[in-house]
Amino acid sequence: MANEQQLDPCLCNGKSVSRMFNPKQLRIYILHLLTGGINYGYELIKKISEETAGFYCPSPGVIYPTLTLLEELGFITAGVGKENDKGRKCFVITPEGRCFLLLKAELLAEVQLKLNYAQELKAGNQFANEIECAVDKFKSLLRHKIVLQQLSKDDSAKVVEIINRAVERIEEVNAVLVMEGKSNG
């Protein structure tokens, strides 16, 4: 692991779903990824983070013990990669691993459902970060004005009125979207 590359920040910005996959699902998912030409622990971590839309970013402490178990079960073999890979362990699925993967198609289907759901969540929340940033900026501005006592009683009442109208408008828009979704679904 000393030769392992430094991990880039995951897509999840430090937020991770600790149990997106149960251990059996994770083993099947790793076997599946190994059939696609991904051969290193670091690559597996990156690929899982990407395919889960950043909702799950497995740590090396999860990936490497799982790879060791799969190797002990005879489902993968480990060797040293090419010269330009700096001696990193290269994992390859065995014929037994491929057979096991075929037998566990139901588990792989469960994994695929979770991956699809994660991608849908990402697509549906594409503006979530922008909204959170805007709200944080708004809160910071108000805190600053409050701390410096720059809001009169009338100004405070106006701000509260603006906020309440914005909340009502957002709820109205959401209600329309929910109704459209029900009529289309």
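**Helix packing and selected residues**

Me: How far apart are the axes of α2 and α3?

Reply: α2 and α3 pack at an angle of about 120°, on a scale from 0 to 180 degrees between N-to-C directions. The axes are lines fitted to C-alpha atoms, for helices over the stretch in contact. For this pair, the separation of the axes is 10 Å.

Me: Is the model experimental or predicted?

Reply: Residues are numbered from 1 along each chain as its sequence is written, and side-chain values use heavy atoms, with hydrogens and water left out. Local features need pLDDT of at least 70, side-chain atom pairs count only at pLDDT 80 or more, and totals for chains, interfaces and linings use all residues; the model is predicted.

Me: In what order do the elements of the protein run from the N terminus?

Reply: The protein has 7 helices and 2 strands. Both kinds are DSSP runs numbered from the N terminus (helices H or I, at least four residues; strands E, at least two). The order is α-α-α-β-β-α-α-α-α.

Me: How is α2 oriented relative to α3, and what is the hand of their crossing?

Reply: Angles under 35 degrees count as roughly parallel, over 145 as roughly antiparallel, 65 to 115 as roughly perpendicular and the rest as oblique. The angle here is about 120°, which makes α2 oblique to α3. A crossing is left-handed if the near helix is turned anticlockwise from the far one by less than a right angle, and right-handed if clockwise. The crossing of α2 with α3 is right-handed.

Me: How many nonpolar residues are there in the contact of α2 with α3?

Reply: Gly-41, Tyr-42, Leu-44, Ile-45 and Ile-48 of α2 meet Pro-60, Ile-63, Tyr-64 and Leu-67 of α3, contact meaning heavy atoms within 4.5 Å. Ala, Val, Leu, Ile, Met, Phe, Trp, Tyr, Cys and Pro count as nonpolar, Asp, Glu, Lys and Arg as charged, and the others, Gly among them, as polar. The contact has 1 polar and no charged residues; the nonpolar count is 8.

Me: What is the orientation of α1 to α2, and how many charged residues are in their contact?

Reply: The two helices pack at an angle of about 105° with axes 11 Å apart, and are therefore roughly perpendicular. Leu-26, Tyr-29, Ile-30 and Leu-33 of α1 touch Leu-44, Lys-47, Ile-48 and Glu-51 of α2. By class, the contact has 6 nonpolar residues and no polar ones, and the number of charged residues is 2.

Me: Which hand does the crossing of α1 and α4 have?

Reply: Helix α1 (residues 23–35) and helix α4 (residues 95–103) pack at about 125°, with their axes 10 Å apart. They are therefore oblique to each other. The crossing is left-handed.

Me: How many charged residues are in the contact of α1 with α4?

Reply: On the α1 side are Ile-28, Leu-31, His-32 and Thr-35, and on the α4 side Gly-97, Arg-98, Phe-100 and Leu-101. Of these residues, 4 are nonpolar and 3 polar; the charged count is 1.

Me: Which residues does Thr-66 touch?

Reply: Thr-66 sits in helix α3 and is buried at 12% relative accessibility (buried means under 20% relative accessible area, exposed over 50%, partly exposed in between; 1.4 Å probe, protein chains only). Leaving aside residues up to four places away in sequence, its contacts are Leu-26, Arg-27 and Ile-30.

Me: Is Ala-53 buried or exposed?

Reply: Ala-53 lies in the loop between α2 (41–51) and α3 (60–72). Its phi is near 55°, a positive value in a residue other than glycine. With a relative accessible area of 11%, Ala-53 is buried.

Me: Is Gln-149 buried or exposed?

Reply: Gln-149 is in the loop between α6 (128–147) and α7 (153–184). It is not a glycine, yet its phi is positive, about 50°. At 71% relative accessibility, Gln-149 is exposed.

Me: What distance separates the C-alpha atoms of Glu-106 and Ile-28?

Reply: Glu-106 belongs to helix α5 (residues 105–124) and is exposed, at 66% relative accessible area. Glu-106 and Ile-28 are 78 residues apart along the chain. Their C-alpha separation is 10.0 Å.

Me: What share of the 185 residues in the protein is buried?

Reply: Among contacts between residues at least 6 apart in sequence, 63% join residues at least 24 apart. The buried share of the 185 residues is 26%.
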